[in-house]
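Subject: Structure handover

Hello,

Here is the structure you asked for. Please open it alongside this note and follow along.

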Amino acid sequence: MKIAIIRIRGQINISGEVEATLNRLRVKRKYACVVVEENKEIMGMILRVRDCIAYGKISEEMLEKLKKARGKKGKDFFRLHPPRGGIKSKFHFPKGVLGDNGDKINDLIGRML
């Protein structure tokens with residue numbers, strides 16, 4: 001199962017430990033997205049930084065659309081636009097976008113292409 005991770009919060013007022021974890025996940029900038037395979041280590045890192053990211057299970061159709069629109073030579077790293085229609089970046093899902101979005105991550109990515 002593939003998981004899409006999108007960094008929502010910027011670099012201001014982030015602790016060093018959380019920043020190091022975000023760097024290990026390869027989401028160094030705001031609105032950077034990475035698609036990774038789900039495993040125990042990745043889920044542990046995601047739980048540590050869930051106040052700074054949105055994540056969820058990405059569908060195969062959305063992954064293909066993302067690679068076609070924003071992909072570069074096979075790496076699963078993407079720079080996205082801010083979402084059309086805006087987001088509530090201070091609240092967790094379902095009031096905002098932070099944390100586990102489940103299948104709704106596909107809608108968010110579609111607004112950010």
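Predicted model: local features only at pLDDT ≥ 70, side-chain atom pairs only at ≥ 80, totals over all residues.

Start with the strands. There are five, and they make an open sheet in the order β4-β2-β1-β3-β5. The pairing is mixed. The edges belong to β4 (77–79) and β5 (99–100). Each of these has a single partner strand, so one side of each is left without a neighbour in the sheet.

Now look at β1, residues 2–7.

β3 covers residues 53–57, and four of its five residues are buried. β3 and β5 run parallel, joined by two bridges. Tyr 55 has Asp 100 in β5 as its bridge partner.

**The cores**

Which residues touch the most other members of the largest nonpolar core? They are Ile 6, Ile 58, Leu 66, Leu 80 and Ile 109, out of 20 residues in that core. β1, β2, α3 and α4 (105–112) each supply at least two residues. α4 gives the most, with four.

Ile 6 is worth a click. Neighbours within four places in sequence aside, Ile 6 is in contact with residues from several stretches of the chain, including Tyr 31, Cys 52, Leu 80, Ile 105, Leu 108, Ile 109 and Met 112. Another core lies apart from the largest one. This other core has 16 residues, among them Ile 14, Leu 25, Val 36 and Ile 53.

**The salt bridges**

How many salt bridges does a search of the whole structure find? The search finds four.

- Glu 37 and Lys 2: the closest N and O atoms are 3.6 Å apart. Glu 37 is in β2 and Lys 2 in β1, so the pair ties together parts that are 35 residues apart in sequence. Glu 37 is partly exposed, at 42% relative accessible area. Lys 2 is partly exposed too, at 24%.
- Arg 7 and Glu 19: their side chains meet at 3.4 Å, N to O. The pair links Arg 7 in β1 to Glu 19 in α1, twelve residues apart.
- Glu 17 and Arg 48: the closest N and O atoms are 3.9 Å apart. This pair links α1 to α2 (residues 40–48), and its two residues are 31 apart.

Are Arg 7 and Glu 19 buried or exposed? Both are buried. Glu 19 has 19% relative accessibility, and the cut-off for buried is under 20%, so Glu 19 counts as buried. Glu 19 belongs to α1, residues 16–24. Leaving aside neighbours within four places in sequence, Glu 19 is in contact with Arg 7 and Ile 14.

The Glu 17 and Arg 48 pair reads otherwise. Glu 17 counts as exposed, at 52% relative accessibility. Arg 48 is partly exposed, at 49%.

Best wishes

Conventions:
Residues numbered from 1 in each chain as written. Heavy atoms only, no water. Pairing = 2+ DSSP bridges. Buried < 20%, exposed > 50% of the residue type's maximum accessible area, 1.4 Å probe, protein only. Contact = heavy atoms within 4.5 Å. Core = buried A, V, L, I, M, F, W, Y, C linked by side-chain atoms within 4.5 Å.
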